[in-house]
Amino acid sequence: MSRMIVVDPIKCTNCRMCELACSLVKTGAFAPSRSRIRVHVFAKEFKYIPLACFQCASAPCVKVCPAGALVQEDGLVRFVKEACIGCRMCMLGCPFGVIAFNSAEGLIAKCDTCDGDPECVKFCTPHALEFRESELADVPKGRDFARRVAEAAAGC
Amino acid sequence: MHGYAGRLLRVDLSSGKSWVEPLDGARARRYVGGRGMGARILLDEVPRGCDPLGPENRLVFAMGPLAGTFAPGSGRFAVVAKSPATDGFGEAYTGGFVAHELKYAGYDGIVVQGTAPELVYLSIVNNRVDIRPAGHLAGRGTLETEEAIQGELGDRETRIISIGLAGEKKVRYACVMNDTDRAAGRTGLGAVMGAKNLKAIAIRGTGRVTLADPKGFREVVLANLAKIRKHPWLGDSPSSAGALGTAGGVEDLSGAGILPTRNWETGTWEHADRISGTAMKNTILLGHRACQSCPVGCTRVVRVADGPFGGVRPEYGGPEYETVAAFGSLCENPNLESIALLNQRCNVYGLDTISAGSAIAFAMECFEKGILTEQEIGFRLEWGDASAMVRLLDMIARREGVGDLLAEGTRRAAAQIGRGASELAVEVKGLEFGMHEARGKKGLAISYATAPRGADHMEGFHDPSLAAPNAWPELGVVETMDRFSLDGKPRVVRLAEDYTSFINSVPLCSFMSLTIAGIRNTEEISGMLTAATGWADLSLAEEMTIGERAYNLARAFTVRESGGAADDRLPAKLSRRLRDGASRDQVITDQDLTTALQEYYRLRGWSKTGTPTETKLKELGLADVAQQLTGKGDGR
């Protein structure tokens, strides 16, 4: 079974620790502009949505990459740095805008779940990010919904 | 230079020029950042007796070596200038996201001098610095200003420091605002920014912050986070700061008789439960959010859609404890929705909620006692009349009618009114009290009386923390102490102030570094600084010296500007008995205070009138400051 980073936007407090943890582990310094995970802010709606690569099962970025630099492997979309030609087609192909471009290196950057041990999750104190088995990813959400049904039924 | 960007941005608004100044490494370790950096610049560059609202005043935005990192509570910076409220050392701290962004742009701080010929804003995008016209933003509120500038610069990730109408009108307790609802609240620094014709500073940085020991830094931050989350008030408990905000303890404060009520007549209030964090959670609260790199998120987010106090939007956050008390119990106003609206208006106008609430409470008591009449105010100003409060707040921000008088702060307003009004003004050196009752926690009175910026609730400690033993064993604070007594307090006040002054020089959020009866994370804090900067052998003793040095710098500035007499006294109300509740009949007499202050001055190495002595200043490596205090140097 593969695992994925599951986001619960209701819990996100916009502290941005995930972006810093990511940039530190990936670049050796703090630079949110280089983070593979990004928190998108909707102040009026009071919503904060962290987004990183969803490791799509049928990934558009893999399909459009002309250099074979993105490959599907063990439930991950793996980036093969050596093969990347810096054309950015994957950024156009990605429906979620979660692939970044590092102009200094002329390469794209995307989440690789830190090889199955994501750093961002360790620094997410409100637990808005969790790393879970893909097959079980929606169980808590399902249970939350079921609880509401149960509470409504109990109120009858 | 790890941790630091290694550069200060200098801006002269009179000439329209800006330049970069390298940061000296040895100086960095002596002053660190925040307060230390800001106070040093004021003493070096602000001429004695300078008009705080004139071009010679400096307005310093001081970050430090942890800004830009994931150190818990590092999303913080200091704003420092000569204060138009006290004419002494002015400073305020704020959270949000600006501190990190400025580091990514490549600066440890900004020093603004001069006055722009017309309203401008400063745009900083990495190395590019522009002064741009801001006439079209005149009078605009915080969020409107931010959205307009982000639109003009074409980047919605731009972080913004700004002032609202109150700063432009030079209200003496106008704030410097940032990130919509964060405020460098105290001592009127928004008026300094307004006097410089500087509407805003827009910051965007895409660079990075490097560390001396990235691996070690990561480890010590994880250890620190674990400790912080274990603290009952900073973890996941239902009564934590995250769950209930800083107003979670309002009922307890009332129970202990230390909730400022009815302009400091009593410390207990029957309606405390209507304005508390729990009441907020059960009514108008949408949730909470955090400043950059904070594991707690004490910021409230509230909404009041309609009704008499409607129009309260989540973008402006929500009221924290000081605001709830200042607009609630202090004015005997139990209407939480009105408090949320008053909070929002303060954020829009850029007004300090503490001093604004205090000014309104003062005016209410003046009205009650016939010192200010209905004719002078324009309407009746009864205790608890929330609609009248909103009306008066608008008048203060616009400096209309009696609002113009109250915009001067309670000390100046009382002096102008006469008729005994000064007896009702609760301030020290011109700064209104934080919402903490010193008659019920007497150690705080020492800080209120002596702190460089006036009646300061953030410098020392709050006595209930000493109810249990071993509050701070690292520095030998092990005994329990009675909150109603001044015995033994000067020593603990001094220790707490020096450590706080070190924290303010990093700077870190006070909650992530709770000192007395706190998180016990002094080692982790040293560890973070060491791993970030590579400073060898940094010890708690050196940190206490850094704090003491910064404290003495700030104190020296206030003493220098006041002409030598430090004005360390408490307002008349503190010698009057609290009316009822668990702190009933408590007073602080002049005699009690004088005895405590002499002990405190002696421990600090200050003269009998509270001036830092030459010996003490030399010991701290501040011989040049001693010269300034003897009148030889004028700061330049």
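## Domains of chain B

The centres of domain 1 and domain 2 of chain B, taken over C-alpha atoms, are separated by 26 Å. Chain B is divided into domain 1 (7-204), domain 2 (235-432) and domain 3 (443-629), with bounds that come from an automatic or database domain assignment. The model is predicted: local features need pLDDT of at least 70, side-chain atom pairs count only at pLDDT 80 or more, and totals for chains, interfaces and linings use all residues. Residues are numbered from 1 along each chain as its sequence is written, while chains are lettered from A and ligands numbered from 1 in the order in which they are written.

Between domain 1 and domain 2 of chain B, 35 residues of domain 1 are in contact with 27 residues of domain 2; two residues are in contact if their C-beta atoms, placed from the backbone, lie within 7 Å. On the domain 1 side, helix 4 (142-153) and helix 5 (165-168) of chain B each supply at least two residues. Helix 5 of chain B gives the largest share of that side, 3 residues. By class, the side of domain 1 that touches domain 2 in chain B has 14 nonpolar, 17 polar and 4 charged residues. Here Ala, Val, Leu, Ile, Met, Phe, Trp, Tyr, Cys and Pro count as nonpolar, Asp, Glu, Lys and Arg as charged, and the others, Gly among them, as polar.

## An open sheet in chain B

In chain B, 6 strands form an open sheet of mixed pairing, in the order 8-7-12-9-10-11. Its edge strands are strand 8 (128-133) and strand 11 (182-184) of chain B, each of which pairs on one side only. From one strand to the next, the twist averages 20°. Helices (H or I, at least four residues) and strands (E, at least two) are DSSP runs, numbered from the N terminus, and two strands pair if DSSP finds at least two bridges between them.

Within chain B, strand 9 (residues 159-162) and strand 10 (residues 176-178) pair in the antiparallel sense over 2 bridges. Met177(B), in strand 10 of chain B, is the bridge partner of Ser162(B).

## A buried strand and its hairpin

Strand 5 (residues 89-94) of chain B is largely enclosed by the rest of the structure, because 6 of its 6 residues are buried. A residue is buried if 20 or more other C-beta atoms lie within 10 Å of its own, exposed if 12 or fewer, and partly exposed in between, with C-beta atoms placed from the backbone. Both faces of strand 5 of chain B are covered, with Phe89(B), Glu91(B) and Tyr93(B) on one side and Gly90(B), Ala92(B) and Thr94(B) on the other.

Strand 4 (residues 77-82) of chain B runs antiparallel to strand 5 of chain B and is joined to it by 6 bridges. Thr94(B) is the bridge partner of Phe77(B). The hairpin of these two strands has 6 residues between them, and Asp87(B) there takes a positive phi near 60°.

## An exposed loop residue

Glu474(B) is found in the loop between helix 19 (443-450) and helix 20 (489-505) of chain B. Glu474(B) counts as exposed because it has 12 C-beta neighbours inside 10 Å. Leaving aside neighbours within four places in sequence, Glu474(B) is in contact with Thr522(B) and Leu540(B).

## Chain A and its contact with chain B

Chain A has 5 helices and 8 strands. Of its 156 residues, 36% are buried. The contact between the chains takes 18 residues from chain A and 26 residues from chain B. The side of chain A that touches chain B has 11 nonpolar, 5 polar and 2 charged residues.

Notes. Axes fitted to C-alpha atoms, helices over the stretch in contact; angles between N-to-C directions.
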